[in-house]
Amino acid sequence: MMKVSVTTLSLQDLDVDLLIIPVGQSLARARAAQIGGPIGEALSTALIDFEGKPNETLICYPPTGRARRVAVIGLGDAGNIQREVLRKAAAAGYRVAMKTKATTVALCLPDAGIDSEAAGQSLVEGYMLAAYEFERYKTQPDDQKSKTERLVLHASRDEKSARRGAERGRVESEATITARDLVNLSPHEKTPVMLGKMVERFGRKHGYEVSVWDKGDIEKEKMGGLLGVNRGSVEPPALIEMTWKPTKAGNTKPVVLVGKGIVFDTGGLSLKPTKDSMDHMKADMAGAAAVIGAMEAIARLDVPLYVIGLIPVTDNRPGQNAYVPGDVLQMHSGMTVEVLNTDAEGRLILADALSYAKLYRPEIVIDLATLTGAQVVALGSQVAAVMTREDSGARERLDAILKAAAISGDLVHPMPMHAHYAEALKSDVADIKNIGNREAGSITAAKFLEYFVDYPWVHIDMAGPSFLKKSSAYRPVGGTGYGVRLLTEFIRDYAYPKKR
């Protein structure tokens, strides 16, 4: 894992392969003059070819000094330097490091425009997440590739704030990488039992408690949705319960995070097509991965909040005893559900977990799921859909999630939850059915879940941003780890509402 540190040494004294200096548009020459010495002189000469546009890069080679190379990265409008701008600039800096085969890299905080803590966190996140590669199954890794071994954040001001930000950025990036690795794992290595054992190891490592329910436990709780989806599988289901309850927790009733854990989704008897559909369904547990990563980050950051993570886990296969369209399942809540499409399985297992969460009398519950293709159609691959019950607390909950999204870069957009959408779920033979019609698919899926909650609740449909076919800035092809930093920032803000 990449080592991250903070220094206040003079830039002239930094002994690194690559020194990266992010600058706002029109400020490059002033920054070069401020730096002075061999580095400033080299920059002043090279800047004739630099405009400072977002992510624009320029490499120069100081004739003397300890930094072998200097890269200037454009930030665009100097008056609008946001966290995401810095993440993308750091990712551009990483690409320069790859090109130049730099193993030791220094990254400068911008001179102004954003506080040192936020800047430090954002730069470290952008760089570390851009550096991610999943090579578990490569039998012949590219030995010619040079990887960053040491990242040094240079702070000329507010050193303590920069250190806090850098440490948080490192922890949240590593937790995001945990989620990416889980999503990218081959399905045969993350069966429900295997995933449960992995989380037990994570819990021991990071200091939170883990309980893994087996099929017998699930049967005792009468989780008919989870058991029904599991019927076609040769692997038994599991329910993973993670608990972070520090002695200094500021709440007695927990915040509960619920993640959809379909470790592979064939669609069941409502079989998916393979190309651009089933071939990516190892990622159908990305919601579970996000909750696992968030629990890691929350524990490592020692957030003083009582938090529980719940993950219902199974695959969805068309085995001999698979559930079929027309089956009626009795859920954990006691409600009955008519199954009309076995590929609408995620909402069934989530519904049982959400129903069980009532027993905690939670302050708030947030579920994350790769739930609908309709979310991708509506919002694309960069933004998740967020929905909540339309009651007196809805605006406050949505505002809190939108704030966390702005901090983390894991973007969300609210969608309506008007009462009339539930009409599409009326069943002739059961309490409700598990699909609506072609209209508003993401919303009707959320309305289905709403039947199983009686507490403050937020639903995030992250089907698009959870798994990419084309890389984007610091997000790679494959699992992105979407949701880890969103949840972590939400939880931190929930724990420290007056400090942020």
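In this predicted model, the sulfur of cysteine 108 lies 12 Å from the closest cysteine sulfur, that of cysteine 60, which is too far for a bond. A disulfide is a covalent bond between the sulfur atoms of two cysteines. The pair would have to come within 2.5 Å to count as one, and cysteine 60 is accordingly in no disulfide. A search of the whole structure returns zero disulfides. Cysteine 108 counts as buried, at 0% relative accessibility, and cysteine 60 is also buried, with a relative accessible area of 6%.

| Pocket | Volume | Lining residues | Lining by class |
|---|---|---|---|
| Largest pocket | about 970 Å³ | 36 residues | 11 nonpolar, 14 polar, 11 charged |
| Second largest pocket | about 640 Å³ | 23 residues | 13 nonpolar, two polar, eight charged |

In the largest pocket, the lining residues nearest the centre are Lys272, Leu371, Thr372, Gly373 and Ala374. Helix 10 (346-357), helix 11 (373-379), helix 13 (441-450) and strand 19 (467-468) each contribute at least two residues to the lining of this pocket. Helix 11 provides the largest share, three residues.

For the second largest pocket, Met1, Tyr132, Glu133, Ile177 and Asp181 are the lining residues that lie nearest the centre. Helix 5 (159-184) and helix 6 (192-206) each supply at least two residues of the lining of the second largest pocket.

Conventions. Residues are numbered from 1 along each chain as its sequence is written. This is a predicted model: local features need pLDDT of at least 70, side-chain atom pairs count only at pLDDT 80 or more; totals for chains, interfaces and linings use all residues. Side-chain values use heavy atoms; hydrogens and water are left out. On a 1 Å grid over the protein atoms alone, a cavity is a set of points where a 1.4 Å probe fits but cannot get out, and a pocket is an open set with protein on both sides within 12 Å along at least five of seven lines; lining residues have an atom within 4 Å of a point. Grid points are joined across faces, edges and corners, and a volume is the space filled by probe spheres set on the points. Helices (H or I, at least four residues) and strands (E, at least two) are DSSP runs, numbered from the N terminus. Ala, Val, Leu, Ile, Met, Phe, Trp, Tyr, Cys and Pro count as nonpolar, Asp, Glu, Lys and Arg as charged, and the others, Gly among them, as polar. Buried means under 20% relative accessible area, exposed over 50%, partly exposed in between (1.4 Å probe, protein chains only).
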